[in-house]
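Have the structure open while you read.

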Amino acid sequence: MPHVITQACCNDASCVFACPVNCIHPTPDEPDFATSEMLYIDPDACVDCGACVRACPVGAIVPHTKVAAEQLPFVEINRSYYPERPEGVKLPPTSKLAPVLPAAEVHKRGKHPLTVAIVGSGPAAMYAADELLTQPGVLVNMFEKLPTPYGLVRAGVAPDHQRTKLATRLFDEVAARRGFQFFLNVEVGKHLRHTDLLELHHAVLYASGALHDRRLEIDGMGLPGTGTATEIVGWYNGHPEFTDLPVDLSHERVVIVGNGNVALDVARILTSDPDKLARTDIADNALAALRDSAVQEVVIVARRGPVASAFTLPELVGLTQTSEVVLDAEDHARVRNDLATAEDNLTRQKLEVLAKLGDAAAPITRPRIRFAYELTPVRVLGEKRATAVEFSVTGTDQQRRIDAGLVLTSIGYHGTPVADLPFDEAAGVVPNDEGRVIDPATGQRVPGAYVSGWIKRGTNGFIGTNKSDSLKTIQTLAADYNAGLLSEPVGGPRAVARMVHAHQPDVIDAAGWKAIDKAEIARGEAQDRPRVKFTRVADMLDEVKDHSDVPLLQNLLSALRGR
Ligand code: NAP
């Protein structure tokens, strides 16, 4: 079997288009692409050319001769996506290459080149910029609330998943292209309004994601010792808004409600050997707290059974390679029951991994993770702080209590309204048609407003899912521009810089970000780490002022121009 896709797969499908024999599926035009947990190489059709390896932005594809021991399960995971065939028989569609999605062609019109403001700088934003900048002359101005770009790749992906963070290499390339400008440390809705941006751009594309997690409305949530898994993610990733989060790890047990991939990330970090984490870009304050941690067990609790586990197979396999994961006897029995009736291949594989987990009755020898099933949270117990969670056995009136000093919910994200745009509260998205924002009151498009990523489609998919999603939005935007539906900006690129400086003098540009990036990497080199992050905005601004004269120069120019 020549090549294998492994855990870090980001689903951006660059490999699909690079493959000369169409042996990587599902392709973005196949029905299961949107829900697929990863992409898979057909072992019988692969011709071992390595084109996919070069195309993959996160280094997730390896030749079979270089599959590391912990990646071995992925050989079977890739193979099992394809139907059984007699040896040597290839799949019929191997002669049909995956159709390359057509680029969003922009036809020149008006005085100014197509100029687009993108709000947010995570994967959906960067893939949208990437697509726009394939067209000659197009200008992209990207606005980000934090002084650092790349959204969830920097602040969401777990520090021990450095391969996944390699996506930033692609984003760095996009940001270095002619026509691209960063306006970091600028919050749209606070420093600037939608109308400010629309005046100076043909279109404003919101790729601002889903900032908030869903809250569990049960008694006791809100007590000291309760919180959300996503706050912990921000805390260990050095997100400035979570640096001062009080995370008390002086207790033996943590309970996490919900068993999606975020819960797995948090449980893995809370139980990892701090010496291993010390080789990553984890925030220094979090590392120090983890070194002092008393946590011996993180219990990940789901309200439904094993068959409905929300985590993905690649993440489960990865977890079992790095962490000790156990099940109670009654949950082992549930897994066996579900296995007996499992219908689809993917579910069966997940259950087979669960069936091989150790027994929770065994003594705890190192911090471990326990999955618990069919428990519905009822209330958090405790007076001054959380001491336990009371659950009902789902569908019954039996009660279960799990003692814990830290109770986290990890029940998914919910989109947050975008200032000046309509919002569908129930779905947590900005109402849109193929990325074009629609006012539900009139059914008409909101002139010049577009969306991409989680705020467009809801909180699902992986980093690379945003590539085809953003391409579709850009196709819509380009079609509207070509049809003359977008208003001309009233000023050129300099007017944008002047307007931003007038509202936010501490704006950080690409040179400022490079100064922060370089300093973080240099701090990391001294400790053999990828980087040591700044976790406070003030420190980032100091670094920019010390090492970049560009914002200073721009401020000076703005002052000289009297604006
Ligand atoms: P998620 O996958 O949607 O999982 C949410 C979990 O919360 C489910 O177990 C769900 O159970 C449970 N839940 C929801 N409401 C509940 C309630 N009222 N009481 C108890 N449990 C409740 O959410 P997520 O983990 O935040 O992930 C969000 C997205 O990011 C996913 O698409 C995920 O794959 C992606 N992500 C990927 C990675 C990665 O690839 N490494 C890492 C992080 C996140 P039910 O199923 O019963 O509703």
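## Rings and a valine

Y127, Y150, F171, F180, F182 and W513 come together as one aromatic cluster. Before going on, note that this is a predicted model, where local features need pLDDT of at least 70, side-chain atom pairs count only at pLDDT 80 or more, and totals for chains, interfaces and linings use all residues. Numbering runs from 1 along each chain as its sequence is written, and side-chain values use heavy atoms, with hydrogens and water left out.

There are 11 aromatic pairs in the structure. Rings of Phe, Tyr and Trp (its six-membered ring) pair if their centres lie within 6.5 Å; planes under 30 degrees apart are stacked, over 60 edge-to-face, and the rest tilted. One of the pairs is Y413 with W454, which is tilted. Y413 lies in strand β20 and W454 in helix α15 (residues 454-457), so this pair ties together parts that are 41 residues apart in sequence. (Helices, H or I of at least four residues, and strands, E of at least two, are DSSP runs numbered from the N terminus.)

R523 also meets a ring: its charged end sits over F534, meaning CZ of Arg (or NZ of Lys) is within 6 Å of the ring centre and within 35 degrees of the ring normal.

| Partners | Geometry |
|---|---|
| Y413 and W454 | 5.0 Å centre to centre, 50° between planes |

Now for V418, in the loop between β20 (413-414) and β21 (432-433). Is V418 buried or exposed? It's buried, because its relative accessible area is 11%. Leaving aside neighbours within four places in sequence, V418 is in contact (heavy atoms within 4.5 Å) with Y206, S208, F423, V430 and I455.

Notes: Buried means under 20% relative accessible area, exposed over 50%, partly exposed in between (1.4 Å probe, protein chains only).
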